[in-house]
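Biologist: I would like to learn how to read charge pairs and surface patches in a model. Can we take them in turn?

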Amino acid sequence: SSGINAEWPLRPGTISCAERGLLLLRVRDEIRMTIAAYQTLYESSVAFGMRKALQAEQGKTDMQRKIEELEEEKKDLERQVNELKSKCDAIEKREAERRVVEEKKHAEEIQFLKRTNQQLKTQLEGIIQPSKK
C-alpha cells in the first residue's frame with residue numbers, strides 16, 4: 001500500500017453487487033502484485049546500478065594506480081637515459097683529448113726523427129765529402 005488506497009472502491013461496490021465486489025478485489029490484488037513486481041524490479045535495478053558504479057570506481061582506481069606506476073617507471077627510464085648520455089659525452093670528450101695528445105706526440109716524434117735524420121745525413125755527408133775539401 002504505497003500511498004494508493006486500493007480499498008476505497010470496495011465498500012460501495014460490495015453493497016450494490018457481490019460480483020462487482022469480487023472483481024474489484026481481484027483488480028486490487030492484481031494492482032498490488034503489479035506494484036510489488038515494479039518495486040522488486042526497481043530495487044534490483046538500483047542494486048545493479050550501484051554494483052556497476054562501484055565496479056567502475058574500482059576500475060578507475062586501478063587505472064589511476066597503473067598510470068602512477070607507469071609514470072614512475074618513465075621517470076626512472078628518463079633518468080637512466082640522461083645518466084647514459086652524460087657517460088657517453090664524458091667518454092667522447094676523454095677520447096678526443098687523448099686523440100689530441102696522441103697526435104701531438106706523434107707529430108713531435110716525426111719532427112724528432114726528421115731532425116735526427118737530417119743530422120745523420122749531415123754527418124754522413126761530412127764523412128763522405130771531407131776528401132773534396
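Modeller: Start with Arg-79 and Glu-83. This is a predicted model. Both residues lie in helix α2, four residues apart, about one turn of the helix.

Biologist: How are the side chains of Arg-79 and Glu-83 linked?

Modeller: Side chains of opposite charge can pair when their charged atoms come close. Here the side chains of Arg-79 and Glu-83 meet in a salt bridge, at 3.0 Å from N to O.

Biologist: Is Glu-83 buried, exposed or partly exposed?

Modeller: Glu-83 has 40% relative accessibility, so it counts as partly exposed. Buried means under 20% and exposed means over 50%. Arg-79 has a relative accessible area of 43%, so Arg-79 is partly exposed too.

Biologist: Which residue does Asp-76 meet in a salt bridge?

Modeller: Asp-76 meets Arg-79, with an N to O distance of 3.9 Å. The cut-off is 4 Å, so this pair counts as a salt bridge. Asp-76 and Arg-79 are three residues apart in helix α2, about one turn of the helix. Asp-76 is partly exposed, because its relative accessibility is 34%.

Biologist: What about a pair further along the chain?

Modeller: Take Glu-95 and Arg-98. Their side chains form a salt bridge at 2.9 Å, N to O. Both sit in helix α2, three residues apart, about one turn of the helix. Glu-95 is partly exposed, with a relative accessible area of 33%. Arg-98, at 43% relative accessibility, also counts as partly exposed.

Biologist: How many salt bridges does the count come to?

Modeller: The count comes to six salt bridges.

Biologist: Now the patches. Which residues form the negative surface patch?

Modeller: A patch needs residues with over 30% relative accessible area and no salt bridge. The negative one is formed by Glu-68, Glu-69, Glu-71, Glu-72 and Glu-73. Look at Glu-72. It is found in helix α2, which covers residues 18–128. Its relative accessible area is 44%, so Glu-72 is partly exposed and passes the area cut-off for a patch.

Biologist: Which residues make the nonpolar surface patch?

Modeller: Val-27, Ile-31 and Ile-35 make a nonpolar patch of about 220 Å². Val-27 also has its place in helix α2. At 45% relative accessibility, Val-27 counts as partly exposed.

Biologist: Step back to the whole chain. How many helices and strands does the chain have?

Modeller: There are two helices and zero strands.

Biologist: What share of the residues counts as buried?

Modeller: Of the 133 residues, 3% count as buried.

Biologist: What does the accessible surface of the chain come to?

Modeller: It comes to about 12400 Å². Carbon and sulfur atoms hold 60% of that surface.

Technical notes. Residues are numbered from 1 along each chain as its sequence is written. This is a predicted model: local features need pLDDT of at least 70, side-chain atom pairs count only at pLDDT 80 or more; totals for chains, interfaces and linings use all residues. Side-chain values use heavy atoms; hydrogens and water are left out. Patches are made of residues with over 30% relative accessible area and no salt bridge: like charges are joined within 9 Å, nonpolar side chains (Val, Leu, Ile, Met, Phe, Trp, Tyr) within 5 Å. Accessible areas come from the Shrake-Rupley method with a 1.4 Å probe; for residues, only the protein chains shown count as cover. Lys and Arg count as positive and Asp and Glu as negative; His and the chain ends are not counted. The place of a charge is taken as NZ of Lys, CZ of Arg, CG of Asp or CD of Glu. Buried means under 20% relative accessible area, exposed over 50%, partly exposed in between (1.4 Å probe, protein chains only).
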